[in-house]
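Dear colleague,

I am passing on the structure we spoke of, together with some notes on its sheet. Please read them with the coordinates open beside you.

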Amino acid sequence: MMVLKLGGSVITEKERPETLDGESLERAADAIAAARADGLDDLIVVHGGGSFGHHNASEHGVSTTNGTHDASAILEIHGAMKTLNQFVLSRLVDRDVQAVPVHPFSTAHRDVEARLEFPTEQVETMLAEGFVPVLHGDVIAHSGAGATVVSGDELVAELARALAADRVGLCSTVPGVLDENDAVVDRISDFGSVASALGASEATDVTGGMAGKVRTLLDIDAEASIFGLDALRTFLDGSTPGTTID
Ligand SMILES: Nc1ncnc2c1ncn2[C@@H]1O[C@H](COP(=O)(O)OP(=O)(O)OP(=O)(O)O)[C@@H](O)[C@H]1O
Ligand SMILES: C=C(C)CCOP(=O)(O)O
């Protein structure tokens, strides 16, 4: 079983609110469709927000830790993510990938300790029936805080744990995690060894950019790869491009 995240920074123009990067999304959808046609089963896709979601969350002061009780703010953030989800689904379905939506707001929540609770039976049933579930970063109810953001990266980690994923891939705008000289780091096994090079995202981002990504992926058992769009097809075919996090 494979969990693939399409970074919001890849499929949108992250600097311009609610703007798709149509060409990159089509390239990603082409790579997924080709891999499925070549026999890739049991694939879950998660996508991030990019210029959908992060701007809206930031305007309302909502992050993974700062919540809101304002339903209109929640609808705006969730609505932006559903719009992007629809774009992703339609590009996949156009290519005969049997992609179906899962909206985390309706299925996940955080408990009072901010732990993510995410029942995965629905996703497992979709996989068993041959669908490709497509989830997205979202807002979710948070006990004691109203609603906070859940990043696509957290969902990837949770799915990888719950479903014992064999492979985890994060396709982003960078060819991997870069060191201080902008060279791709081959392997990361502890946060301390790369902490000084890890920054936030260059664009508006409420979920922690590359540093957040590395921390989240170090927490799971499965090996994870962070790579750029050029390497998506080779990743889907079984290689480990970019940075491996184990
Ligand atoms: N050491 C680093 N190596 C690589 N990228 C880094 C590093 N430090 C900071 N970054 C930034 O992290 C960004 C990737 O994180 P970002 O959260 O934007 O990715 P994403 O998952 O593709 O997007 P989204 O969070 O919208 O889904 C890069 O575009 C870069 O600006
Ligand atoms: C900002 C929202 C709503 C989702 C963020 O998901 P991410 O882009 O995976 O961090």
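**Strand pairing and packing in the sheet**

Strand 1 (residues 2–6) and strand 9 (residues 167–172) run parallel and are joined by five bridges, and within this pairing the partner of Lys 5 in strand 9 is Leu 170. Please bear in mind throughout that this is a predicted model.

Two helices pack on the sheet. Helix 6 (residues 152–162) touches strand 1, strand 2 (43–47), strand 6 (132–136) and strand 9, and its direction makes about 180° with that of strand 1. Helix 7 (residues 209–218), for its part, touches strand 1, strand 9, strand 10, strand 11 (224–228) and strand 12 (243–245), with a direction that makes about 150° with that of strand 11.

Strand 11 is itself paired on both sides: five bridges join it in parallel to strand 9, where Ser 172 has Gly 228 of strand 11 as its bridge partner, while three bridges join strand 11 to strand 12 in antiparallel fashion, with Ala 224 standing opposite Ile 245 of strand 12. Because five of the five residues of strand 11 are buried, this strand is largely enclosed by the rest of the structure; Ala 224, Ile 226 and Gly 228 lie on one side and Ser 225 and Phe 227 on the other, so that both faces are covered.

As for the sheet as a whole, eight strands form an open, mixed arrangement in the order 3-6-2-1-9-11-12-10. Strand 3 (99–101) and strand 10 (187–188) stand at the edges, and because each has a single partner strand, one side of each is left without a neighbour in the sheet.

With best regards

Definitions and conventions
Residues numbered from 1 in each chain as written. Chains lettered and ligands numbered in written order. Predicted model: local features only at pLDDT ≥ 70, side-chain atom pairs only at ≥ 80, totals over all residues. Heavy atoms only, no water. Pairing = 2+ DSSP bridges. Helix = DSSP H or I, 4+ residues; strand = E, 2+ residues; numbered from the N terminus. Contact = heavy atoms within 4.5 Å. Axes fitted to C-alpha atoms, helices over the stretch in contact; angles between N-to-C directions. Buried < 20%, exposed > 50% of the residue type's maximum accessible area, 1.4 Å probe, protein only.
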